[in-house]
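The entries follow the order in which I looked things up.

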Amino acid sequence: MSTVALPSTTSRTAIAAPTARTLRQRLRRFAEAAVTPLELDDVLDVFHPLRSGAELRGRIVAVHPETADATTLVIKPGKDWAGHVPGQYVRIGVDVDGVRLWRTYSLTHGPRADRCISITVKAIPDGVVSNHLVHRVRPGTMLQLGQAEGDFVLADPMPGKLLMVTAGSGITPVIGMLRSLFSRAERVRADIVVLHSALSRSEVIFGDELRRYAAEGRLRLVELHTDVDGMLDVADLDTIVPDLAERTTYACGPVGLLDALEQHHTERGLALHIERFRSAVVVTGEGGTVSFGRTGTLVEAAGDTPILDAAEEAGVLMPSGCRMGICFGCVLPLRSGAVRDLRNGALTVANPGETGDGGVLIQTCVNAAAGACDIDH
Amino acid sequence: MTALQKKSDNPIAHLSAEDIELLGKQLDEIRQEVLEARGESDAAYIRKVISVQRKLELGSRAVLLASIFPPAWIVGTAGLSVAKILENMEIGHNILHGQWDWMRDPKIHSTTWEWDHVTPAEQWKHSHNELHHTYTNVIGKDNDLGYGIMRVDEDQPWHPFFLVQPFWNFVNACFFEYGIAAYDLELGANIKRKKTKDPEFKARVSQVLKKVRKQATKDYLVHPALSLPTGSFLPTLAANFTANIVRNLWSHSIIMCGHFPEGVETFEKRSIDGETRGEWYLRQMLGSANISGGKAMHVMSGNLSHQIEHHLFPDLPSNRYAEIAPKVRELFEKNGLNYHSAPFPKQVASAWHKVIRLSLPNGWLATTNAKNAVPQLKMLYTMTTGGPRVRRAAQARLNQQARRASQAA
C-alpha cells in the first residue's frame, strides 16, 4: 500500500511546487515593476535590513570591553546567516568616518541560543578599523557581514590531547572553540593545554574566563607575560609541555611566532593547525607594475603618471572621460596593491580578502601606482 | 550674450596668467579642506535624504491608492512630485556625479545607481559628466547650451525658425526627461549624419526604450492598477503624469538658471585649447550662476542653487557647497569677477528673457518700444518671410539702431 501512496504524494508536490513558485515570482515581478528603477530589496531594506533575502548584515546589540584596548561586540546577524563552526572568522564591513572598510575577525563563540555572533577586537596602533570598533561603535550600529569562513576548526572526531598556542588577540578563535566545548551539556573529556602569551597580566583578553576554566580543571593554562617572562620561545615548548609530541597543536598569533612554530613542528613531524590574521603588508613605494587581471597585461607605471596614461601608452584599451578627476568615467576596481592620488598624495590600498569582493574602485586618471597593483580590467 | 573672447569689455582682461594660476591653487585648497573634513556626518546626510525620499514616495503612492477623493489626489500628487524632484536632483544627479563614491558603499555609487528618469544613468553620465562638465559653456562643444535646438548666442545667425524657440523651450521643459534622453542619444546629430543604422547607436536607443517602457509601466499601469479597488485608476494615472510634469518643469527651470541667465559667459571653441587647470576653473566661475535662497531651495535644487560651486567641484558632496560658497565668493571679489547670484524668480525670468531675445533678430527686442512697435513688427515680418538678403539688410538697420540707442544712453 505504501508503494502506491508514495508516488502519488511525490507527484502532487511535484506539481504544486512550481505553481507556488510561479505565483511568488509573479508577485515579485509585479512589485519590482512598481518600484523600478529601485530593486524591491532596496525598498525592503529601508524597513527590515536583517530580513531573509537581504544582503547579509548585522546589528550590534551589545558592546563589552574586555581589556583597555580590546572589546567584544555581540552582533545579531541577518536571517540568512548560515551558521559557523567555532574557530572560523567572518568578514565585516564597517563605515569608519563614512567610508566602508572591510576586515576579518574570528568568531569568539560557538553557535549561541540567541542566534547572535560575537567578535573580539583588539585595537592596534594606527588601526583605523580596530580603533573604531574598540572605542567608538555603540549598540545599534549596522555592519555588513560575509558568511563564516576558514578551516581553523577542531577536527571531528576531536583529538584526545590538544595544545593551544596563542598570543595577544590570537586567543580569539581559540576561545570560540573552548566556549563551544565547555557549553555542551555533557562534559567534554579532553586533555587541553592553553599556552597564552600576552604583554602583561592585565592585557590577557578573556583572562578571568581562562583562569576559571583552569580552576575548574577543564584545561591547563600557562600564561606568559612578556613584561616579566619575556617572549615565548618555541625552544622552551618541550619544557612547558612535556608531552608535546602526543598533542595536536592549534596556533594563532603574530607572524613571527607562527613561522617559528611551523618550522619547529615540521622538523619533528608534529600535527599543527595555524590561523594567520593578516597577509603581508602592502608596499607603498612610488610607481610599480600594474597588472590588468582579465587581459594579463603588465604595465610599468611611474609614480608621477596616472595609471590611465601609463596603461594607454602600453596599448591597453581603458575607459576614460575628463582625465582630470571629475567625471568618474575611468573608474576601475583595484583588486590588490596601492595607488596614490596625484592631486593630494592620498593613498588607496586594496587588500584581497579584506577589501570587498569587487575590490576598491579607483579613478585611473588621477591615481598613480604606489607599488605593484592588480586592476580588474 | 557673445562669446567672452569677442567682447569689447572682456571681464578677465585684468587677470594675468599668474593671477589665474594662483586662483586655481586657492580653489584646490578649498577642495582639499572639504576632502579632509568629509566623513561620518556627510554619509549620514545622504543616507537620511535617501531614506526620507523613499518613505515620502511610498507614502504618497499609498495615499494615491484612493486618489478618487480630491484631497487624497492633491496630497498624493504633491508628495510624489517632491519625492521625484528629490530623487532626480539631490540624490540621482549627485550620486551619478560620483559625489558619494568615497563612501565605498556599492548601494550608493555612481557605477551602480539607476535613477527615476527615462535616460539610463550610463548614457547621462557620459553626456553630462564628461561633455557638459568638461566643456562647460563652450559653444559647439557643450550641448547643454540650448540642447542643440535653440539659438543661444548672438553669433549664431538668426533664422525665422528660431521665432518658435520660446515655445520649443516650454515643450522641452514639460517633457524634459525625454528631451534629455534624446540629447544623450545625440538623436539630432545622429539622424543628420545618417548614423541611425549604426549598431552602437541602435543598442543605445534600445536601452533608452527599455528604460522608457519600465518607467511608463510603473507610473501609468502598475500603480493605476493597484488603485483599481477604490476606482482610482484614472486619477492615479493623472497624478503620476502630473508629478512627472512638475518634476520636469522644476528641473528644467533649475538647469536654465545654472547657465542661461543674462550675464553668464560663453566661450569660443579654440579658447580651450591647452587650457590650464586655473583657466578651466575660471571658465566654470564665469559660466555658471547661483540661485540665492534658503535650505529648502538648496535641497530641492539638488544644491544646483550652488551651480558655481558645483561646477568648480562637481565631485564634492552637495551638502558641502553651502559652507564653501562664502570662500568662493571671496575669491570672486578678490579677482574682480562677477559672482552671479539672484533669487529663483529673477534667474528664471532672466533665462526666459534671453530665450525670447535670441528667438528674435539681434537687437530687435532692445530697439522695440510702444512707439515704434508697428514698424518694428513690420520689419520682423519682412525678415521672417524674406530671403537671406532681405534679412541681412534688415539686420544691418537693426544694428545701426541699436548702436544709436546705446550711444544715446
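Where is Val349(A) found? I located Val349(A) in strand β15 (residues 347–350) of chain A. I take helices (H or I, at least four residues) and strands (E, at least two) as DSSP runs, numbered from the N terminus.

**Ground rules**

I am reading a predicted model, where local features need pLDDT of at least 70, side-chain atom pairs count only at pLDDT 80 or more, and totals for chains, interfaces and linings use all residues. Residues are numbered from 1 along each chain as its sequence is written, while chains are lettered from A and ligands numbered from 1 in the order in which they are written.

**Val349(A), continued**

Is Val349(A) buried, exposed or partly exposed? I call a residue buried if 20 or more other C-beta atoms lie within 10 Å of its own, exposed if 12 or fewer, and partly exposed in between; C-beta atoms are placed from the backbone. Val349(A) has 18 other C-beta atoms within 10 Å, so it is partly exposed. I also checked Glu313(A), 36 residues away along the chain. The C-alpha atoms of Val349(A) and Glu313(A) are 24 Å apart.

**Chain A overall**

I noted nine helices and 18 strands in chain A. Its C-alpha trace spans about 75 × 65 × 40 Å along the principal axes. Chain A has 377 residues, and 35% of them count as buried. For contacts I use C-beta atoms, placed from the backbone, within 7 Å. Of the chain A contacts with a separation of 6 or more, 66% are between residues 24 or more positions apart.

**Confidence**

I looked up pLDDT, the predictor's confidence in each residue, from 0 to 100. Chain A has a mean of 89, and 93% of its residues reach 70 or more. Within chain A, confidence is lowest in helix α1 (residues 2–35), at a mean of 66. It is highest in strand β2 (residues 70–77), at 98. Residues 1–14 of chain A stay under 50, and the model gives them zero contacts beyond four places in sequence. Residues 279–284 of chain A are also below 50, but this stretch has twelve contacts beyond near neighbours in sequence. Where pLDDT is low, the predicted coordinates should not be read in detail.

**Cores**

Which residues have the most contacts inside the largest nonpolar core? I listed Leu73(A), Val90(A), Val121(A), Met164(A) and Val174(A), in a core of 47 residues. Such a core is a set of buried Ala, Val, Leu, Ile, Met, Phe, Trp, Tyr and Cys residues joined through C-beta atoms within 7 Å. Helix α4 (residues 171–182) of chain A gives the largest share, six residues. Not counting residues up to four places away in sequence, Met164(A) touches Val174(A), Ile192(A), Val193(A), Val194(A), Leu195(A) and Tyr250(A). A second, separate core has 45 residues, including Leu80(B), Ile254(B), Val355(B) and Leu358(B).

**Helix α14 of chain B**

I checked the length of α14(B), residues 344–359. The expected span is 1.5 Å times one less than the number of residues.

**Where the chains touch**

I found 35 residues of chain B in contact with 23 residues of chain A. On the chain B side, α2(B) supplies the largest share, six residues.

Most residues other than glycine have a negative phi, and most peptide bonds are trans. I noted a cis peptide bond between Thr36(A) and Pro37(A), with omega about 10 degrees. Another cis bond joins Asp156(A) and Pro157(A), with omega about 0 degrees. Pro157(A) lies in the loop between β6 (142–145) and β7 (161–167) of chain A. Lys194(B), not a glycine, has a positive phi of about 55 degrees. Lys194(B) counts as exposed, with 8 C-beta neighbours inside 10 Å.

Methods. Contact = placed C-beta atoms within 7 Å.
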